[in-house]
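Please read them beside the coordinates.

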Amino acid sequence: MAGGRQLPAHADLQPYNHAVAGHDGTLSDIDGELFIKPCVQQEIDFYETTFRDHPDFASLMPIYFGTLSLNDATDIDSLNEQLPGVADHMSQGLKEEAVNMAKAAVAEAEAEAAAEAAAQPVDISWRPNKNRKLATNKSVVLQNTTHGFKKPNILDAKLGRRLWADDAPPEKRKRFEEISRQTTNGTHGFRIAGMRVYKGSADPEELDEQGFKVYDRDYGRLSVNKDTIVEELGKFIFNESAGIDRELGQAVAQAFVADLKRVEEVLASSETRMYSASLLFTFEGDGKALRAAIEENNDVVEKVNGLGEQVDEDGLLGEEELVAVTGIDASALPGVIEGDVKVVELMGEVEDGELEEADEDDELSKLPRIYSLKLIDFAHAEWVPGQGPDENNLLGVRSLIKIFEELSQ
Ligand SMILES: Nc1ncnc2c1ncn2[C@@H]1O[C@H](COP(=O)(O)OP(=O)(O)O)[C@@H](O)[C@H]1O
Ligand SMILES: [Mg+2]
């Protein structure tokens with residue numbers, strides 16, 4: 001969609017430019033707490049049902065704040081009405097851009113309808129205007145999972161051996177089967193749909209203006225295969241030129257293993273079917289910032305846990321206790337990672353869509369982020385009670401666990 005690109009830019013707003021895959025038209029503030037994505041009704045339904053009835057599964061997803069219905073009549077007042085509470089957290093610029101996006105979508109739909117009408121044979125070229133479907137554009141408003149990172153390295157791993165949903169037309173099914181056959185979707189149940197790595201190349205020509213090497217959708221389709229997938233994912237994690245050495249990278253990989261196992265556990269006990277959903281991996285790509293974030297988080301973890309139950313006889317947080325609490329092996333990085341990040345992440349994150357609560361806890365909500373793993377893209381996702389777990393997606397998750405385990409050793 002057009003996304004209002006021709007409209008005047010606002011100083012405090014930009015189209016979301018950290019997306020590594022998917023469609024255009026997503027929006028976020030510069031400091032981006034929120035991520036707004038145009039989507040189909042099925043995705044909205046999946047977010048609604050999951051956040052209402054399946055809290056375990058919802059914890060794997062970005063926080064869902066609600067939907068925006070963007071149409072010709074959208075103005076700032078109607079945004080405030082649609083998402084009271086959340087709208088307070090959108091900058092004026094973001095609201096204006098959402099309104100612009102709505103108008104642009106309507107204009108685009110009208111132009112398309114006109115072109116379609118013009119292409120018809122003469123005898124049916126006229127259509128009464130009132131019959132034209134009103135263009136509406138629905139968007140989900142989500143937690144921006146890359147918020148709080150200085151240089152977010154991002155990997156979109158598209159899950160599944162089968163990528164098409166039951167309702168896919170035969171041509172689409174054929175095309176997706178072909179893609180799966182030719183890529184690691186076929187062999188591993190996932191493929192790299194997109195990736196960006198801070199200072200990911202020694203050749204400045206290969207970096208974007210923010211210093212990232214961006215691997216586009218063709219990379220995972222054409223350049224990566226079953227024999228190179230581990231090595232290619234290694235490029236996401238290990239990066240000496242950004243100050244992420246072997247040890248630090250191993251600790252990051254280990255953190256992802258812990259979260260992946262949680263994803264496996266929840267998927268295995270849920271009855272869902274998802275086609276072309278993704279796991280979105282994010283971690284701090286600037287080694288210096290990564291180490292600083294770990295230290296800052298550790299200080300808070302120590303403060304919070306300090307006098308609690310998790311102390312050894314010597315009165316200090318022991319490694320075993322930390323592993324138990326957090327899933328991270330403290331010995332992986334002596335003196336650097338002492339506690340886990342996950343605890344802090346959980347504490348620092350907003351629950352049940354209550355942004356206000358997070359704001360009250362300033363110290364936690366301002367902590368720099370270390371890593372994050374979220375399940376995204378539910379355009380073809382549904383709950384299927386009685387049909388058992390989603391083995392198609394579990395295959396991909398289990399392959400990722402194996403690979404990240406390998407990378408952590
Ligand atoms: N909640 C989010 N926070 C930050 N980035 C996101 C979020 N959801 C998606 N993205 C980014 O946008 C891209 C496309 O999102 P996705 O949900 O897969 O949409 P599409 O249906 O267009 O494929 C992802 O690859 C990711 O980089
Ligand atoms: Mg996608």
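1. Of the contacts in the protein chain with a separation of 6 or more, 75% join residues 24 or more positions apart. Two residues are in contact if their C-beta atoms, placed from the backbone, lie within 7 Å. This is a predicted model: local features need pLDDT of at least 70, side-chain atom pairs count only at pLDDT 80 or more, and totals for chains, interfaces and linings use all residues. Residues are numbered from 1 along each chain as its sequence is written, while chains are lettered from A and ligands numbered from 1 in the order in which they are written.

2. The protein chain holds 15 helices and 12 strands. Both are DSSP runs numbered from the N terminus: helices are H or I with at least four residues, strands are E with at least two. The chain has 409 residues, and 40% of them count as buried. Buried means that 20 or more other C-beta atoms lie within 10 Å of the residue's own; exposed means 12 or fewer, and partly exposed is in between, with C-beta atoms placed from the backbone.

3. The largest nonpolar core has 79 residues. Such a core is a set of buried Ala, Val, Leu, Ile, Met, Phe, Trp, Tyr and Cys residues joined through C-beta atoms within 7 Å. Ala 157, Val 252, Phe 256 and Phe 281 have the most contacts inside this core. Helix H9 (residues 246–268) gives the largest share, 11 residues. Domain 1 (13–143) and domain 2 (152–407) both contribute, so the core lies between them. The domain bounds come from an automatic or database domain assignment.

4. What does Phe 281 contact, leaving aside its neighbours within four places in sequence? The partners are Ile 154, Leu 155, Ala 157, Phe 256 and Leu 373.

5. Two packed helices are described by the angle between their axes and the distance between the axes. H9 and helix H15 (residues 391–407) pack at about 160 degrees, with axes 9 Å apart. H9 is therefore roughly antiparallel to H15. Axes here are lines fitted to C-alpha atoms, for helices over the stretch in contact, and angles run from 0 to 180 degrees between N-to-C directions. Under 35 degrees counts as roughly parallel, over 145 as roughly antiparallel, 65 to 115 as roughly perpendicular and the rest as oblique. The H9 side of this packing includes Phe 256, Val 257 and Leu 260. The H15 side includes Leu 394, Val 397 and Phe 404.

6. The crossing of H9 and H15 is left-handed; that of H8 and H15 is right-handed. Left-handed means that the near helix is turned anticlockwise from the far one by less than a right angle, and right-handed means clockwise. The axes of helix H8 (residues 229–237) and H15 come within 10 Å and cross at roughly 65 degrees. Ile 229, Val 230, Leu 233, Gly 234 and Ile 237 in H8 meet Ile 403, Glu 406 and Leu 407 in H15.

7. Check two backbone angles. Lys 199 is not a glycine, yet has a positive phi of about 50 degrees. Lys 199 is in the loop between strand S7 (190–198) and strand S8 (212–215), and is buried, with 21 other C-beta atoms within 10 Å. Asp 377, also not a glycine, has a positive phi of about 70 degrees. Its loop runs between strand S11 (371–376) and strand S12 (381–383). Asp 377 counts as buried, with 22 C-beta neighbours inside 10 Å.

8. Is Ile 36 buried or exposed? Ile 36 is buried, with 25 other C-beta atoms within 10 Å. It lies in strand S3 (residues 34–38). Not counting residues up to four places away in sequence, Ile 36 touches Thr 26, Leu 27, Ser 28, Leu 68, Ala 98, Ser 139 and Val 141. Ile 36 and Lys 138 are 102 residues apart in sequence and 9.9 Å apart in space, C-alpha to C-alpha.

9. Tyr 215 in strand S8 is buried, with 24 other C-beta atoms within 10 Å. Asp 218, in helix H7 (residues 217–223), counts as exposed, with 9 C-beta neighbours inside 10 Å. Tyr 215 touches Ile 192, Gly 194 and Met 195, not counting residues up to four places away in sequence. Asp 218 and Gly 194 are 8.3 Å apart, C-alpha to C-alpha, and 24 residues apart in sequence.
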